[in-house]
Structures are given as C-alpha cells and as structure tokens.
Amino acid sequence: MNAMGDLISSLDSPDSSPSSSSSSSDSSRVAEIKSWLSSQFEPLGRPVPEFAYTPRVISHLHSLSSLSLARSRAAAIVAADLRLKALEFRAQAARIREILDRIGLSRENLSPAAISSAHIVAAVANLLDIRDTEMSSFIVANGDLALRKADVEEKRAKVQKESQALLEYTRKAIAKLTELKKTYGKFENEVAMHEAKMHQWQTNLAILDSKERQYMLQLSNYKAILNRVGYTPEINHGVLMEMAEHKKDLEKKTKPIMDTLRSYQDLPPDKALAALAIEDKKRQYAAAEKYLEDVLHSALTAPQL
C-alpha cells in the first residue's frame with residue numbers, strides 16, 4: 001500500500017511513458033486495475049480513489065498492480081510452505097510426545113529441573129541456529145562459534161592497534177596545535193614591537209635614500225670641478241706629496257738667492273751694475289724654472305703609488 005501511495009503521488013510529475021497501441025488493450029488494463037484497486041481498498045473499508053485514466057496513469061497503475069499481484073502470489077506460496085512445515089513439525093512433535101510417554105519421559109513425569117534444562121538446551125540450539133540437539137551439532141556449532149570468535153578477536157586487535165596509532169597521531173597533533181597556538185600568541189604579542197621597528201627602518205631607509213641622492217649630486221659636482229681644474233687619474237696623493245717635497249727643496253734653494261736680491265736693494269743705484277745683476281738673476285731664475293719643470297715632469301711620469 002505504501003508503494004502504491006508513492007507511485008500515485010508520482011503520477012503528477014512530468015514524466016513521459018509509452019501508451020497502448022489499441023483501445024481494447026487499454027480497456028482490459030483498466031478493468032484489471034479497477035479489480036486490483038477494489039481488492040486492496042475494500043478489505044480496509046476505504047473508498048477506491050478516482051483516477052483520470054490517461055495512458056500514463058494506466059501504465060503506472062498496471063505496473064504497480066502486476067508487481068503487487070506477483071508479490072502476493074509469492075507470499076501465498078511461502079505461507080503455504082510454512083503452513084505445511086508447521087503441520088509436519090506438529091506431527092513430529094506428536095510422535096516425539098507419544099514416544100516420550102511410552103518410555104515414561106512425558107512432560108508430567110519430568111521434574112522442574114529437567115524441564116528447565118530442556119528449555120535451556122532448546123534455547124542454546126536456537127541461539128546457535130542448529131536443527132537438532134545432537135552432540136555433534138553442538139560441537140560443530142561451537143567450533144564455528146570459536147572460529148568466528150577468533151576472527152572477531154583478530155579484527156578487534158587490528159582495530160585496537162589502529163585506534164592506538166590514531167590516538168598517538170591525535171596526541172601529537174594536539175601537541176603541535178598547542179605549540180602553534182603558543183607561537184601564534186607570541187608573534188601576536190611581538191607584532192606591535194616589530195611594527196615600530198619596521199616603521200623606524202622605513203624612516204631610516206628614506207633618510208639613507210635622500211642622503212644617497214645628495215652624495216651622488218655632490219660627487220657629480222666634485223667630478224665637474226676636477227675636470228675643470230685638469231685633474232687626471234695620474235695625480236694622486238703620492239704625487240702631490242712628492243711635489244710638495246720638491247717645492248720645499250726649491251724654496252730652500254731659492255732662499256739664498258732671494259736674500260742676495262734683498263741685499264742689493266740697500267746698494268746705491270748703478271744702472272750698469274743693475275743691468276748685469278738683472279741678467280744674472282734672469283739666468284738663475286731660468287735655470288731654477290727649468291729645474292722645477294724637470295722635477296714636475298719626472299714626478300708625473302713616475303709610476304703611480
């Protein structure tokens with residue numbers, strides 16, 4: 001009935017199904033469907049639902065009725081078989097009861113302990129799913145139960161091992177998570193300090209960048225000045241020191257001459273002597289100048305220090 005209700009409720013869905021090819025076939029199907037619906041609803045005292053017997057509805061209901069009738073026939077066959085087996089079991093029970101009565105083992109002659117033991121044996125047999133209470137059946141069932149127990153214990157040990165491994169992994173993961181949380185909290189506490197340092201570094205970087213541009217400009221200016229004064233790479237500190245030393249030497253050498261010239265200023269003027277003195281001083285000056293040029297030339301052509 002539940003399956004029928006589900007199928008009836010699905011008739012409203014937009015599903016397409018093949019229709020019958022002839023009206024006589026549809027009529028026979030409708031008659032079968034009505035008969036089946038009456039057999040399902042009338043025993044329950046419920047009215048048969050009204051349907052618009054379209055080809056799609058007829059196809060669904062006919063499929064449902066065919067399935068229900070097939071299951072009903074199968075259930076009837078199984079019920080008949082079960083009733084037959086019940087009759088056989090009752091007949092066998094009557095024969096066993098008759099045999100027990102003949103040998104004096106009827107239910108009335110048994111003690112309550114024996115009856116209880118018999119019930120226990122029957123319950124164990126039902127629990128072990130065996131057909132009889134023979135010792136061999138109990139042994140076989142017990143062996144099968146032992147095998148299943150061993151299999152279950154093996155699976156249980158395997159599951160316990162896997163559970164222990166998962167538990168160990170979980171503990172390690174929890175420890176890692178705790179450590180990560182501590183590290184995260186530490187970093188969060190240090191964020192403000194590092195941000196202040198970062199801002200300071202950015203400020204310093206901006207200052208250094210400004211200084212770099214300033215120094216580059218000064219360097220360009222210094223290079224322009226050196227180019228204007230005729231600086232060459234050969235003129236280095238060592239060369240300048242040598243030139244300073246030569247200048248001191250020249251000053252020492254020219255000092256007596258300058259002193260002599262100053263002494264001439266105290267003499268009375270004599271044009272002829274003055275002309276001779278001037279010519280002599282010119283020659284000395286020319287010689288000193290030539291000597292200075294030679295020293296400077298030798299200093300410039302010497303290897304760079």
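Tutor: Contact here means heavy atoms within 4.5 Å, and please keep in mind that this is a predicted model.

Student: With that cut-off, which residues is His-62 in contact with, leaving aside its neighbours within four places in sequence?
Tutor: They are Arg-29, Glu-32 and Ile-33, while His-62 itself has its place in helix H3.

Student: Why is His-62 called buried?
Tutor: Its relative accessible area is 18%, and the term buried applies under 20%, so His-62 counts as buried.

Student: How much of the protein chain do buried residues make up?
Tutor: They make up 11% of its 305 residues.

Student: What makes a set of residues a nonpolar core, and which residues form the largest one?
Tutor: The members must be buried residues of the nonpolar kinds, joined through side-chain atoms within 4.5 Å. Ten residues form the largest such core, namely Val-30, Ile-33, Trp-36, Leu-37, Phe-41, Phe-51, Val-57, Ile-58, Leu-61 and Leu-64.

Student: Which residues of H5 are buried, and what do they pack against?
Tutor: The buried residues of H5 are Ser-137, Phe-138 and Ala-141, and they pack against H4.

Student: Where does helix H5 bend, and by how much?
Tutor: Helix H5, which covers residues 135-228, bends by about 45 degrees at Val-191. That value is the angle between two axes, one fitted to the seven residues ending at the bend residue and the other to the seven starting there.

Student: What does the secondary structure of the protein chain come to?
Tutor: It comes to seven helices and zero strands, and the pattern read along the sequence is accordingly α-α-α-α-α-α-α.

Student: What lines the largest pocket, and which residues lie nearest its centre?
Tutor: The largest pocket, with a volume of about 970 Å³, is lined by 23 residues, of which Ile-96, Leu-100, Ala-118, Ala-122 and Thr-133 lie nearest its centre. Helix H3 (55-102) and helix H4 (112-128) each supply at least two residues of this lining.

Student: How do the residues of that lining divide into nonpolar, polar and charged?
Tutor: Twelve are nonpolar, five are polar and six are charged.

Technical notes: Residues are numbered from 1 along each chain as its sequence is written. This is a predicted model: local features need pLDDT of at least 70, side-chain atom pairs count only at pLDDT 80 or more; totals for chains, interfaces and linings use all residues. Side-chain values use heavy atoms; hydrogens and water are left out. On a 1 Å grid over the protein atoms alone, a cavity is a set of points where a 1.4 Å probe fits but cannot get out, and a pocket is an open set with protein on both sides within 12 Å along at least five of seven lines; lining residues have an atom within 4 Å of a point. Grid points are joined across faces, edges and corners, and a volume is the space filled by probe spheres set on the points. Helices (H or I, at least four residues) and strands (E, at least two) are DSSP runs, numbered from the N terminus. Ala, Val, Leu, Ile, Met, Phe, Trp, Tyr, Cys and Pro count as nonpolar, Asp, Glu, Lys and Arg as charged, and the others, Gly among them, as polar. Buried means under 20% relative accessible area, exposed over 50%, partly exposed in between (1.4 Å probe, protein chains only).
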